[in-house]
Amino acid sequence: MQHERLLLGEAKTPERLARPAFTLATPLRELVQAWWIARKDLAIELRTKESVNAAGAFAITILLMFSFAFDPTEAENRAYFGGLLWLVFAFAGALIFNRGFARELPNECLDALLASPLSPSSLLLGKAISIFAMLVLVEFASLLVFGVFYDVRWWRHAGPLAGVFLLATWGIAVIGAVFGALTVNLRLRELMLPILVYPVLIPLLIAATELSGTLFQNQPFSSDQLLWVRLLIVFDVVFTALAAALAETILLN
Amino acid sequence: MEGFMEARNLTFLFYGFTAAWAILLFYVITLARRGAQLKKDLEQVKRLFQTAPEEHRERIEESVR
Amino acid sequence: MRDRIAIALAGAAAGLLAWNLYKMFLVLPDEAMQGPIFRILFFHAPAAMVGMTGYFVALVLSILYLSSNQLRFDALAASIIEVSLVFSLINIVTGSIWARIIWGVWWTWDYRLTSQLVCILIFAAYLMLRRGIDEPTQRARLSSALCIFGCIDVVIVWKSIEWFRNLHPGPVLSIRTGGGHMDPAYERVFYWNLLALLLVGISLVLIRTRQEATAREIDSLRRLAHAQ
């Protein structure tokens with residue numbers, strides 16, 4: 001269909017913006033650019049505190065609601081605390097990464113960013129870093145409240161717990177950034193984002209739940225559970241690489 | 001008891017096959033309806049070209065060819 | 001031409017299915033421990049296999065689209081995913097009915113069921129995404145990216161849930177067990193049915209792709225008409 005190909009520009013190869021060649025300095029340059037983006041978002045967040053406040057309040061509310069659904073004083077229910085906490089973070093995180101790319105829509109800031117010499121992958125990575133930072137803040141606040149409400153002495157295992165939290169949160173941040181970018185121009189963005197993100201996050205949530213649950217019950221990691229640590233690392237590496245590779249496809253027209 | 005279990009087993013086998021075929025049939029019917037709708041839309045769009053004035057119609061036919 | 005191939009394939013599939021049904025019900029004896037309900041396996045497992053194959057073929061097509069920018073790859077990928085979703089649904093429903101008899105429950109959080117459910121959710125979201133975007137190139141680009149993420153995730157989800165839970169029967173086909181738990185007579189019908197379902201799937205994909213092409217033609221003619 002000749003007319004179709006001409007209308008959609010399919011017949012011509014799209015011209016790419018001239019971009020500096022890939023050298024050893026490229027990853028460093030990408031990271032620096034990502035950091036600029038992250039800094040910008042975090043500066044905005046510091047002034048307005050919109051996402052973190054909303055997500056934090058939401059997290060604490062859900063923790064409260066869960067205390068009615070599962071009585072925290074019952075001994076058998078303590079086995080569920082890991083899963084409970086990560087469900088809270090998954091839902092609160094949705095509030096954060098919903099805003100991630102959507103905040104660039106007014107005044108066509110997203111178009112400006114895409115038209116700039118910034119590479120799309122550093123834009124995506126920068127967004128992921130800012131989502132990561134905000135989510136870690138919310139998680140820390142929730143953990144304090146959780147320790148009090150649910151009587152879990154998590155600080156005894158602060159080291160391994162921090163490791164698990166950082167790995168899992170990075171996974172959530174990357175997936176949230178990628179799908180946030182994918183859905184930014186859709187009319188049904190707020191509906192599509194949770195539908196897309198949650199199934200993909202399942203392996204990560206399983207691993208985080210298993211590991212956190214073990215630590216909350218004051219048990220050290222068994223060798224079986226190192227499998228889950230490996231899963232977290234593989235998940236993070238694979239999806240970060242995939243995000244960097246597909247950033248241009250997702251963001252640029 | 002054996003006879004009852006056997007009967008239940010067969011009943012569920014029947015349900016299973018019915019479900020599988022029903023899903024497939026439902027999809028085929030959806031496809032057929034979508035196809036009919038597309039055909040109607042195609043006719044409608046082609047008619048748009050026929051109602052255009054003479055000079056326009058020549059230009060359109062040029063680019064469609 | 002393509003329509004004729006689709007009809008021929010559908011006819012072959014119908015013939016094969018009829019023959020298999022005859023074999024299944026009138027020739028093969030009941031399975032020793034499960035009884036008649038075992039015959040569901042002949043549709044349950046092949047449907048899953050056809051579905052899974054479809055998703056990975058769609059992955060390849062998505063990558064092809066992104067490298068070549070030809071919309072027909074995207075149309076083919078979308079058709080394949082839609083048909084694969086139907087087969088995955090057949091898999092889950094027949095499995096659930098089988099489970100009601102053998103395990104006594106409609107559903108259990110075994111790893112294969114859970115992973116298949118997650119798979120269905122991801123690719124249903126793919127179809128929802130496509131519905132939500134009107135512009136063809138943007139739709140193709142974003143759905144290809146989603147398909148790549150989805151397929152890689154299906155692999156990770158499958159493995160992770162497998163480590164997490166274990167109840168579903170283990171491998172029974174002789175290619176997996178190298179000797180086999182399934183009687184050779186059963187296996188033959190199984191593979192013939194797999195072929196039959198594959199043919200059904202391919203003919204459905206051909207019909208669906210034809211419809212995608214028609215939709216694209218309508219879309220471009222409409223743009224042309226409004227542009228004038």
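How many of the 26 residues of α7(A) are buried? A residue is buried if 20 or more other C-beta atoms lie within 10 Å of its own, exposed if 12 or fewer, and partly exposed in between, with C-beta atoms placed from the backbone. By that count 19 of the 26 are buried, so α7(A) is largely enclosed by the rest of the structure.

Some housekeeping. This is a predicted model, in which local features need pLDDT of at least 70 and side-chain atom pairs count only at pLDDT 80 or more, while totals for chains, interfaces and linings use all residues. Residues are numbered from 1 along each chain as its sequence is written, and chains are lettered from A and ligands numbered from 1 in the order in which they are written.

Chain A, then. Helices (H or I, at least four residues) and strands (E, at least two) are DSSP runs, numbered from the N terminus. Chain A has nine helices and zero strands. Its C-alpha trace spans about 70 × 40 × 35 Å along the principal axes. Of its 253 residues, 41% count as buried.

Back to α7(A), which covers residues 158-183. From first C-alpha to last it reaches 36 Å, close to the 38 Å expected at 1.5 Å a residue. The expected span is 1.5 Å times one less than the number of residues. Helix α2(A), residues 26-48, agrees with that rule, because its 23 residues should span 33 Å and its end C-alpha atoms are 33 Å apart.

Which residues of α2(A) are buried? They are A34(A), I37(A), A38(A), D41(A) and E45(A). An α-helix has 3.6 residues a turn, so residues three or four places apart point the same way. The buried residues of α2(A) pack against α3 (50-69) and α6 (120-149) of chain A. Just after α2(A), K49(A) takes a positive phi of about 55 degrees.

Now the core. A nonpolar core is a set of buried Ala, Val, Leu, Ile, Met, Phe, Trp, Tyr and Cys residues joined through C-beta atoms within 7 Å. The largest one has 143 residues, and L124(A), A177(A), V178(A) and A77(C) touch the most other members. Helix α3(C) gives the most to this core, with 19 residues. Two residues are in contact if their C-beta atoms, placed from the backbone, lie within 7 Å. Leaving aside neighbours within four places in sequence, L124(A) is in contact with residues including A177(A), V178(A) and L251(A).

Chain C has seven helices and zero strands, and 43% of its 228 residues count as buried. Helix α4(C), residues 111-132, packs with α5(C), residues 136-164, at an angle of about 170 degrees, with axes 9 Å apart. Axes are lines fitted to C-alpha atoms, for helices over the stretch in contact, and angles run from 0 to 180 degrees between N-to-C directions. That angle makes α4(C) roughly antiparallel to α5(C), the word for angles over 145 degrees.

Last, where chain C meets chain B. Here 27 residues of chain C are in contact with 26 residues of chain B. Which helix gives the most to the side of chain C that touches chain B? It is α7(C), with 11 residues. By class, that side has 17 nonpolar, five polar and five charged residues. Ala, Val, Leu, Ile, Met, Phe, Trp, Tyr, Cys and Pro count as nonpolar, Asp, Glu, Lys and Arg as charged, and the others, Gly among them, as polar.

Notes
Parallel < 35°, antiparallel > 145°, perpendicular 65-115°, else oblique.
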